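Please keep the sequence and the structure in view while reading.

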Amino acid sequence: MLITNYTLTLSPDEILKQLQQRQFAPVYFLQGEEPYYIDLLADLLEKHVLPEHEKGFNQVVLYGKDTDVAGILGQAKRFPMMAERSVVIVKEAQAVADLEAEKSWPFLEAYLRNPLQSTVLVFCYKHKTLDARKKLGKLLSGDKKEPAPAGTVLMTSKKLYDNQVAPWLSNYVRSKNQQITPQATVMLAEYIGGELGRLTNEVDKMLINLLPGHSIDEDLVQRMVGISKEYNIFELQSALVRRDVLKANRILLYFEANPKNNPLIPNLTLLFNYFSRLLALHQNPNPSETDWLKMGLRFPIQRKDYQTGLKVFDFHRTRDIVHLIRRADAQSKGIDSGSMTDGEILRELIWLIIHPVPLHAVVGA
């Protein structure tokens with residue numbers, strides 16, 4: 001079934017629902033900074049619009065750096081051979097040199113306003129969005145002066161905010177009819193972050209190895225993702241909050257001995273996230289449930305370290321620590337670091353966090 005009358009801008013879930021019902025649009029323009037949904041939808045269209053025996057003559061995959069608008073439209077205007085429809089997928093469409101060029105615009109606009117109904121044309125425009133000031137961006141976004149063309153679906157995939165990663169992850173696991181513990185959710189969300197492609201790859205690996213009747217738990221995450229059970233950034237953060245100097249030093253020694261598994265930048269990012277949230281909590285010491293959720297702290301196990309941290313690090317000390325982490329980040333990029341290694345940068349930072357040295361006494365702070 002081909003649909004030509006519908007809301008132009010659709011969410012990934014709305015498009016997925018239509019595809020599952022075998023409702024196809026003549027043109028899909030999939031764009032955005034988060035490539036996960038672009039890849040997911042393009043993969044579904046590539047695999048399921050046509051049966052296997054029709055793909056040889058009726059399905060074409062083009063790559064942006066190897067084609068131009070004329071080549072794309074030439075393929076899109078071809079009628080299917082012994083089939084109901086044909087499929088043209090343009091991967092890495094952001095690399096099509098003349099996609100937004102003035103010289104190509106009359107031809108592209110003419111096709112978008114009157115697409116061949118037997119063709120499903122898919123643009124995969126990744127890591128960015130169309131320039132809304134240019135004609136193609138204006139047309140697809142439905143400029144007030146010119147209505148958007150019926151028959152084109154626009155999907156914009158945005159990166160998740162930090163507070164959206166854990167709920168998204170929980171929903172993803174549930175969609176696979178499996179369960180994940182709060183501890184495992186927190187660990188994956190914090191350690192991997194909002195990179196959905198990598199996140200789903202890690203979860204899918206765990207689901208393959210998951211025993212019947214079991215949930216994804218902290219132990220499985222540590223084994224499958226390669227996080228040491230005792231020596232990881234979460235344990236280091238906890239040691240700082242508890243003022244456990246001995247454990248913090250043991251973890252630092254492990255990090256220095258295993259630098260490939262414990263790169264400095266991700267560890268600094270996680271520490272920065274903790275102390276910047278702690279700084280926000282100092283300004284709002286009695287957060288509501290909504291406040292906790294806005295910070296991405298939906299589980300009681302996450303909030304415990306923050307409640308302890310509020311007692312250990314006062315507002316001024318927390319503010320200074322945020323500044324020290326920024327200083328360490330600059331040092332990791334070669335600014336005022338001399339010949340310091342990544343391990344030495346992290347060791348100095350942790351020493352300064354544990355020992356309340358006045359900020360003005362720290363060189364380069």
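V60 stands opposite V88 in β3. The model is a predicted one, in which local features need pLDDT of at least 70 and side-chain atom pairs count only at pLDDT 80 or more, while totals for chains, interfaces and linings use all residues. Residues are numbered from 1 along each chain as its sequence is written, and side-chain values use heavy atoms, with hydrogens and water left out.

Strand β3 (residues 86-91) runs parallel to β2, to which 5 bridges join it. Strands here are DSSP runs of E of at least two residues, and helices are runs of H or I of at least four, each numbered from the N terminus; two strands pair if DSSP finds at least two bridges between them. The open sheet comprises 5 strands in the order β2-β3-β4-β1-β5, with parallel pairing. At its edges are β2 (59-63) and β5 (152-157), each of which pairs on one side only. From one strand to the next, the twist averages 10°. Helix α2 (residues 35-48) packs on this sheet, touching β1 (27-32), β2, β3, β4 (119-126) and β5, and its direction makes about 160° with that of β4. Contact means heavy atoms within 4.5 Å; axes are lines fitted to C-alpha atoms, for helices over the stretch in contact, and angles run from 0 to 180 degrees between N-to-C directions.

Attention now turns to helix α15. Residues Q302, R303, Y306 and G309 of α15 are buried (under 20% relative accessible area, with exposed meaning over 50% and partly exposed in between, for a 1.4 Å probe and protein chains only). Seen down the axis of α15, the buried residues fall within an arc of 115°, so they line one face of the helix; the arc is that of the directions from the helix axis to the C-beta atoms. The face turned away from the buried side of α15 carries the exposed residues P300, K304 and K311. Among the elements covering the buried residues of α15 are α8 (182-192), α11 (233-242), α13 (264-283) and α14 (289-294).

A further helix pair remains. The axes of α12 (residues 245-257) and α17 (residues 342-354) come within 10 Å and cross at roughly 170°. The contact involves residues including L252 and F255 of α12 and L346 and I350 of α17.
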